[in-house]
Amino acid sequence: MTAPAHAKEHAASTHVLAQLASLLRSGDVQAALALTETASANSAKPDVATPEGAEADVVGRIASPLLDTLSFIERRKSGGGYNYWTNVPVASSYADECEIGGRLAEEFLTFIGKYHNNGNGALLGPIAIDMDKNGAGPGYKIGFMNTISKYAMGAAYLLHSNSDEPEQPWKKCRRLGLELAEALKSTGEEQFAYIAPKGYGTPTLLFGHLDYHPSTKTLNATPDIRGTEEGKDFSELFYELINLVELAEATLDILREMDYTHGDGSRNAELDRVVALQRVLCTNLGRLRESAEVLDGPKTWVPASSA
């Protein structure tokens, strides 16, 4: 008769542990702490064993140094326990109190952030009580609590923000564009990427090599051939020609996908002529590229007059 009840308790315990593990993996420590405290208050009988490998009370088992590691906390010399607001620097003004309070709050937050166990999660209350008990000035309280509030507000925003809200399309495009630009930069080469909208008919993503940036002068310009030097390297001309061919072909791909009819159903003759000219351009550039392969190098060319 007791087996079903035991199984039910075991299932409930497993469910809580699964929730706790999920919260910890997502980084939501505060929610995990709350769940742990709730589970402890409504815990099953002591003989209910924790499933092997379960992540039980992970937060509670984080080792922490003694509290008097903090500069403003000191172990009481008699009676046990700690004095949670002592040895605080003396301030000369209200503004000085606020600055000191904020600085001690930063020290406190660093400590509980590094050692985020259940005990340290309950430190703020005793600190506030001892502030009053030991006559802390208003500036200390304001500086300390406002600093704590600032961090709490940030955590609350992250906790309650709607991460499932769809990203605005242009913001997403710009974000992905910046990521792509960083990725291209990391290749160590001058490159460009052409991205077509989905369903446009052209390749979705086209990569090419450029020796220039559109907003600046040519970075790797071919040396001036009008000089009197004895040797010239024209290999970069060949690569610039390859880039030009790729750009021309990409433009032709875009033109092919455009609407060739007017609103009244008649043919767009002007667009037909533009496409025809672009085809001629691509054909001739292709022939020129094949002929220019002889320049692929690096090779040194010597002018005929000085040969």
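Buried here means under 20% relative accessible area. The views below come from a predicted model.

**View 1. Asparagine 268 in the loop between α7 and α8.** This loop joins α7 (235-256) and α8 (269-291), and asparagine 268 lies in it. With a relative accessible area of 16%, asparagine 268 is buried, because that value falls under 20%. Residues up to four places away in sequence aside, asparagine 268 touches Tyr260, Thr261 and His262.

**View 2. Cysteine 282 in helix α8.** Cysteine 282 is buried as well, its relative accessible area being 12%. Leucine 244 is 38 residues from cysteine 282 in sequence, and the C-alpha to C-alpha separation of the pair is 9.4 Å.

**View 3. The largest nonpolar core, with 22 residues.** Phe72, Trp85, Phe108, Ile127 and Phe144 have the most contacts inside this core. Two or more residues each come from α3 (94-114), α4 (124-133) and α5 (138-160). The element that gives the most is α3, with six residues.

**View 4. Surroundings of tryptophan 85, a residue of the largest nonpolar core.** Not counting residues up to four places away in sequence, tryptophan 85 touches Phe72, Leu104, Ile127, Asp130, Met131, Asn134, Ala136, Tyr140 and Phe144. Among these, Phe72, Ile127 and Phe144 are listed with tryptophan 85 as having the most contacts inside the core.

**View 5. A second, separate core of 12 residues.** Its members include Phe238, Leu241, Val245 and Leu271.

Methods:
Residues are numbered from 1 along each chain as its sequence is written. This is a predicted model: local features need pLDDT of at least 70, side-chain atom pairs count only at pLDDT 80 or more; totals for chains, interfaces and linings use all residues. Side-chain values use heavy atoms; hydrogens and water are left out. Helices (H or I, at least four residues) and strands (E, at least two) are DSSP runs, numbered from the N terminus. Buried means under 20% relative accessible area, exposed over 50%, partly exposed in between (1.4 Å probe, protein chains only). Contact means heavy atoms within 4.5 Å. A nonpolar core is a set of buried Ala, Val, Leu, Ile, Met, Phe, Trp, Tyr and Cys residues joined through side-chain atoms within 4.5 Å.
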